[in-house]
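Subject: Structure handover

Hello,

Here is the structure I promised to pass on. Please open it before you read my notes.

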Amino acid sequence: MELSKKTIHEINDLLDKKEVTVTEVTQSVVNRIDAVENSTAAYLSLQTEEALIAARAVDEKLRERKRRTPLEGIPYGLKDNMCTQGILTTCASKMLYNFNPPYNAHVYDRLIDEGGILLGKTNMDEFAMGSSTENSAYKITHNPWDLNKVPGGSSGGSAVAVAADTAFYTLGSDTGGSIRQPASFCGVVGMKPTYGLVSRYGLVAFASSLDQIGPLTKDVEDCALVLNAIIGHDAKDSTSLKLEKKDYTQNLKQGVKGLKIGVAQAFFGEGLQPEVRKSLEEAIEVYKALGAEIVDVSFQHLDYALSAYYMISSAEASSNLARYDGIRYGYRAEEYDGLVDLYKKTRSQGFGDEVKRRIMLGTYALSSGYYDAYYKKAMQVRTLIKEDFEQVFGGCDVLLTPTAPTTAFGIGEKTSNPLEMYLTDIYTVPVNIAGIPGISIPSGLDNSGMPIGMQLLGPILSEENLLKVAWAFENEKGLKNLKAPLETEV
């Protein structure tokens, strides 16, 4: 097998045994990028030459010492809404076409400290607003399982880079499912950690009370390794949690015997693709065979989650994106008549349709006379949904749900109907509203050979448990490091 197709922990074994060099590993991924990137369009910008220079530098360091960190010398990709000093951070928007940040995102600094090797910045929906990576101002990313289908979004480029073996892992951001849904569509593992577990410093804000950075990887063990590297308190982020460092690989293989796994019919209602339902029913049987107890649970207010999410996220987006006015940095309209006209033309020309749609909705919800009826009401619903999850986790350890109601859909299939597009997030947005962790792992393939994602949810700070439950299924079902049939498509 080519080195680029292996997992992080497999590469670690080879590096620790001195059977390969970091340069050889990096060159393998660079060769893979050269072979398939024109077809998948996972990256907005590439740093492959710099990556090879960095790889040779790591090899030099490793000649002088025996021990290395688990991510040292491992090539990865970063979603293009995380600040990287000296490297453009565009958020896939014309508005930030020339933005070169003067500082690094906290997670990027963490990975530099770990000795990671950045391959490039991955494509995304503009300002992380979208579910298909079709809203990028620069390119459309293609699903490696079927190049005519979307990869999901907004972290579609990050998911595709992992699925197509053009990165060993990537980081994405998740505001309403933007890590988990593309992970589901692309057959990889994607985790949204507890809100505050990973610093948001340097993440270009979409909806500050919902955004969270997390890993996309080839399997669950890799997910635990990456999570180990990026968690931890950051004084520059006021929402960052002060906790002792954990090693999420320590109890990964303990099994699920005696654990209670909850199943709620609210997640299995109308609109669920039959193959997705069947795959999850089979997964439930796998967990029963492994010794877990399956319990029925119910929600009272879940039907309101999607509406509340789009109201809250759009309101926060309206506030966060007010800074892009053509004055300080980023895009500026070339012709204008006075200050107000400069604002209007810059924002009209610099933002795409979906971003403008959400700014308009959010501004309306926050305006005088409508704040109480819309934004305040949505925040009250948010509290009820949090309480729903607390009640549910009083009776089970983990909740099992679909990640998305369907497998990946065709490029262009939903772009003319925003409401239909929004419904693809119906099973993921409640997680961000409640601030709890969630992970999506592959559970099978549909009749067309497209990946199906299973979502596992837990109470606040239950990442260790979620990874353990995810690993047990992955190990038993054999859906580890699924391979997209990309070679036959290129």
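Below is what I found, topic by topic.

This is a predicted model: local features need pLDDT of at least 70, side-chain atom pairs count only at pLDDT 80 or more, and totals for chains, interfaces and linings use all residues. Residues are numbered from 1 along each chain as its sequence is written, and side-chain values use heavy atoms, with hydrogens and water left out.

Aromatic rings

A pair of aromatic rings is described by the distance of the centres and the angle of the planes. Rings of Phe, Tyr and Trp (its six-membered ring) pair if their centres lie within 6.5 Å; planes under 30 degrees apart are stacked, over 60 edge-to-face, and the rest tilted. The structure has 20 aromatic pairs. One of them joins Tyr309 and Tyr310. Tyr309 and Tyr310 are both buried (under 20% relative accessible area; exposed is over 50%, partly exposed in between; 1.4 Å probe, protein chains only).

Tyr310 also pairs with Tyr422: the centres are 4.2 Å apart and the planes are at 25°, so this pair is stacked. Tyr310 sits in helix H9 (residues 305-320) and Tyr422 in helix H13 (residues 418-422), so the pair ties together parts 112 residues apart in sequence. Helices (H or I, at least four residues) and strands (E, at least two) are DSSP runs, numbered from the N terminus. Tyr422 is buried, as is Tyr310.

Elsewhere, Phe99, Phe127, Tyr324, Tyr329 and Phe351 make up one aromatic cluster.

Two helices

Which helix packs against H7 (residues 220-230)? The partner is H15 (residues 463-477). The angle is about 160°, and the axes are 9 Å apart. Axes are lines fitted to C-alpha atoms, for helices over the stretch in contact, and angles run from 0 to 180 degrees between N-to-C directions. H7 and H15 are therefore roughly antiparallel (over 145 degrees; under 35 is roughly parallel, 65 to 115 roughly perpendicular, the rest oblique). Contact means heavy atoms within 4.5 Å. Residues of H7 that meet H15 include Val220 and Leu227. On the H15 side, Leu467 and Trp471 are among them.

A buried lysine

Is Lys121 buried or exposed? Lys121 counts as buried because its relative accessibility is 0%. Lys121 belongs to strand S3 (residues 117-122). Its C-alpha atom is 8.3 Å from that of Gln47, 74 residues away along the chain. Leaving out residues up to four places away in sequence, Lys121 touches several residues, including Tyr43, Asp80 and Thr89.

Best wishes
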